[in-house]
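Thanks for asking me to look at this one with you.

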Amino acid sequence: MRIADFAKTSGLAFVAAACLAGCANTPPQDPFEHYNRAMFSLNEKLDIVVAKPVAKAYVAVTPTPVRTWVGNFFGNLNDPWIGVNNLLQGKPADALSDLMRFLVNSTMGIGGLLDIATEARLPKHDEDFGQTLGVWGFHDGPYVMLPFFGPRTLRDAIAFPMDMTFDDSWRFIPHIATRNTLSALQLASERARMLGLERTLDEATLDKYSYSRDFYLQQRRSKIYDGNPPLEYENFDLDDNGDPTQTTGETQ
Amino acid sequence: MTGKRFACCLVLASALFGGLATASEESAPDVLVRHVSEEVLAIVRSDKAIQSGDTRRVLALVDEKVLPHFDFRRMTMLAVGKDWRSATPEQQSRLTSAFRTLLVRTYSNALTQYRDQTIDFKPLRASPDDKQVRVKTEVSQPGAQPIGIDYSLEKANGSWKVFDVIVAGVSLVTNYRGSFGNEIRAGGIDGLIASLEAKNKSLEMAQGG
């Protein structure tokens with residue numbers, strides 16, 4: 001595949017260039033750590049003053065089933081784009097299943113409010129154009145924190161305008177007021193799911209920024225393996241020859 | 001707010017992280033995970049105090065049902081990485097104890113967030129003489145995509161112990177390696193121990209447990 005070779009070369013060249021720019025003392029995938037940290041804390045502030053209050057108000061005025069319908073509605077609209085990406089990644093069976101999901105849920109699921117396709121054993125997939133580029137051989141490149149939209153790898157940031165356009169096809173609706181309403185509703189719906197969860201993240205980490213960065217990077221990598229990344233566990237009770245350095249297996 | 005999406009996985013994970021309790025020592029690893037999860041979640045579902053965030057109660061539950069099935073020394077070793085070898089046995093045991101406290105506090109707390117998620121246990125793919133297995137589960141909640149939560153277990157002294165939890169493809173244990181590495185570079189092993197202990201102290205104050 002010529003495109004893959006091209007992608008690999010250009011990806012490597014980019015990472016090399018990025019490293020020349022600032023790989024001195026930062027983790028390999030985070031040459032822009034200084035900027036990223038600043039953007040990370042700006043995003044947190046935005047969240048506190050905008051997204052979180054909106055999500056809280058949304059939860060206060062809607063019963064749970066309504067929130068499920070809203071979640072399903074937006075989820076349904078991104079199934080076609082997921083299908084296109086499955087096709088681009090050479091998975092026609094998954095692509096067909098995504099198309100079926102969209103047809104079933106849009107009709108029998110009342111415009112996508114109900115996710116009956118999942119019950120009919122057509123599982124929801126998780127694909128986007130960034131992953132497609134990964135499957136094609138593009139390296140993910142450095143970690144970048146986008147204002148408001150949060151973390152991406154450079155590759156995903158490049159794919160992001162396409163993903164945002166086609167994931168949420170309601171953006172094509174010409175009526176501005178409707179579009180804005182849907183936009184706000186989607187923000188509220190997505191953020192509402194995470195309410196009460198940021199506490200765990202605050203508590204579990206010594207450094208929220210680097211923990212969430214590593215989480216994001218591991219997760220993107222895992223998605224490209226469709227959730228089954230190879231995992232190897234080292235045993236640091238053994239030295240490099242595999243001999244024990246001290247007793248093992250003690251549980252506290 | 002896609003950037004925050006992973007936080008959701010953390011809490012779902014903790015619903016299960018906390019999900020491992022008493023089962024016979026000889027039982028197969030997947031049976032163990034299943035029994036413990038079901039038992040703990042049944043208690044959470046019926047306990048109003050836990051649901052309203054009673055830290056003491058949830059800690060007691062986790063301590064009794066869950067912790068005996070985890071190998072915290074192995075987990076700490078994997079979170080620390082290569083520097084584990086240069087730590088003295090005393091440092092290793094302090095690290096283990098501090099990391100254990102941090103994990104138990106944060107994830108037990110997340111158990112109080114557990115509501116209407118359902119868990120699907122996947123069939124185990126392993127041969128009887130395997131010493132290390134990965135038990136796969138999937139957690140679903142209404143209106144959201146299911147999230148994979150896997151447990152890595154190792155057989156030691158005849159019983160299976162969990163030493164890693166993998167949420168949406170991310171190891172919650174090795175994910176600490178980056179930030180632990182920063183601490184060690186800045187202040188050595190003792191610096192990491194001090195940071196962990198300080199973090200635990202501030203959590204204890206905040207939670208009053």
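1. Two packed helices are described by the angle between their axes and the distance between the axes. Here the partners are α5(B), residues 72-80, and α6(B), residues 89-111; their axes come within 9 Å and cross at roughly 95°. Because angles of 65 to 115 degrees count as roughly perpendicular, α5(B) is roughly perpendicular to α6(B).

2. Which residues of α5(B) and α6(B) meet? From α5(B) come F72(B), R73(B), M75(B), T76(B), A79(B) and V80(B). On the α6(B) side they meet L95(B), T96(B), F99(B) and R100(B). Sorted by class, this contact has six nonpolar, two polar and two charged residues.

3. Now to the sheet itself. It is an open sheet of five strands in the order β1-β2-β3-β4-β5 (chain B), and the pairing is antiparallel. The edge strands, β1 (118-121) and β5 of chain B, each pair on one side only. If you want a pair to look for, T118(B) has S140(B) in β2(B) as its bridge partner.

4. Is β4(B) largely enclosed or largely open? Eight of its nine residues (159-167) are buried, so β4(B) is largely enclosed by the rest of the structure. For chain B as a whole, 54% of the 209 residues count as buried.

5. β4(B) takes part in two hairpins. Towards β3(B), residues 147-156, there are eight bridges, and the two strands run antiparallel; D150(B) is bridged to I166(B) in β4(B). Two residues lie between β3(B) and β4(B), and N157(B) in that turn has a positive phi of about 50°.

6. Along the sequence they follow the pattern α-α-α-α-α-α-β-β-β-β-β-α. Among the contacts in chain B with a separation of 6 or more, 59% are between residues 24 or more positions apart.

7. Chain B has a mean pLDDT of 84, with 85% of its residues at 70 or more. Which elements mark the two ends of the confidence range? Of the elements in chain B, α5(B) has the highest mean pLDDT (96), and helix α1(B), residues 5-17, has the lowest (53). Over residues 19-25 of chain B the pLDDT is below 50, although this stretch has 23 contacts in the model beyond near neighbours in sequence. Where pLDDT is low, the predicted coordinates should not be read in detail. The model as a whole scores ipTM 0.78 and pTM 0.78.

How values were computed. Residues numbered from 1 in each chain as written. Chains lettered and ligands numbered in written order. Predicted model: local features only at pLDDT ≥ 70, side-chain atom pairs only at ≥ 80, totals over all residues. Axes fitted to C-alpha atoms, helices over the stretch in contact; angles between N-to-C directions. Helix = DSSP H or I, 4+ residues; strand = E, 2+ residues; numbered from the N terminus. Parallel < 35°, antiparallel > 145°, perpendicular 65-115°, else oblique. Contact = placed C-beta atoms within 7 Å. Nonpolar A, V, L, I, M, F, W, Y, C, P; charged D, E, K, R; others polar. pLDDT = per-residue confidence, 0-100. Buried ≥ 20, exposed ≤ 12 C-beta atoms within 10 Å, placed from the backbone. Pairing = 2+ DSSP bridges.
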